Amino acid sequence: MIVGGQNPTGVAKVLRDYFKETQKMAIKGGVFEKNAVDAALIGKLADVPPMKVLRSQFLGLLKMKPQQLVALIKAYADKQEKAGATA
């Protein structure tokens, strides 16, 4: 029995890598947030990036959209300014 504490995805990664290297045991299932899960779900949990990476990806998404909007507005303003200067 292995308990993950505050980092269940980290534990899943360590277990997956360890069992892959040793090939002496295999993960059959487990319990995640009081629910029984199979080995396939544990494998998916092992593929989840660490929380710091997820946070930075999320913040990057939030940051990306406003930057694109500002760039679009600036391009439109520059185009209008250029059209007004040539007229």
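Analyst: Let me start with one term: two residues are in contact when they have heavy atoms within 4.5 Å of each other. Please keep in mind that this is a predicted model.

User: Thanks! Which residues is Val-37 in contact with, leaving aside its neighbours within four places in sequence?

Analyst: By that cut-off, Val-37 is in contact with Gly-29, Gly-30, Val-31, Phe-32 and Ile-42. Val-37 and Ile-42 also belong to the largest nonpolar core.

User: What makes up the largest nonpolar core?

Analyst: Five residues make it up: Ala-12, Val-37, Ile-42, Leu-45 and Ala-46. Helix α2, residues 39-47, gives the largest share, three residues. To count as a core, such residues must be buried and joined through side-chain atoms within 4.5 Å. In soluble globular proteins, nonpolar side chains tend to be buried together.

User: How do you know that the span of α1 agrees with what its 15 residues should give?

Analyst: At 1.5 Å a residue, α1 should span 21 Å, and its end C-alpha atoms are 21 Å apart, so the two values agree. The residue that follows α1 is Gln-23, with a positive phi near 50°.

User: Which residues of α1 are buried, and what do they pack against?

Analyst: Buried means under 20% relative accessible area. In α1, the buried residues are Thr-9, Gly-10, Ala-12, Lys-13, Leu-15 and Phe-19. These buried residues pack against α2.

User: What lines the second largest pocket?

Analyst: This pocket holds about 210 Å³ of space. It is lined by 13 residues, and those closest to its centre are Gln-6, Asn-7, Pro-8, Thr-9 and Met-51. Two elements, α1 (8-22) and α3 (51-86), each give two or more residues to the lining. The most come from α1, with four residues. By class, the lining has seven nonpolar, four polar and two charged residues.

Definitions and conventions
Residues numbered from 1 in each chain as written. Predicted model: local features only at pLDDT ≥ 70, side-chain atom pairs only at ≥ 80, totals over all residues. Heavy atoms only, no water. Buried < 20%, exposed > 50% of the residue type's maximum accessible area, 1.4 Å probe, protein only. 1 Å grid on protein atoms, 1.4 Å probe; cavity = no way out; pocket = protein on both sides within 12 Å on 5 of 7 lines; lining within 4 Å. Points joined across faces, edges and corners; volume = space filled by probe spheres on them. Nonpolar A, V, L, I, M, F, W, Y, C, P; charged D, E, K, R; others polar. Expected span 1.5 Å × (residues − 1).
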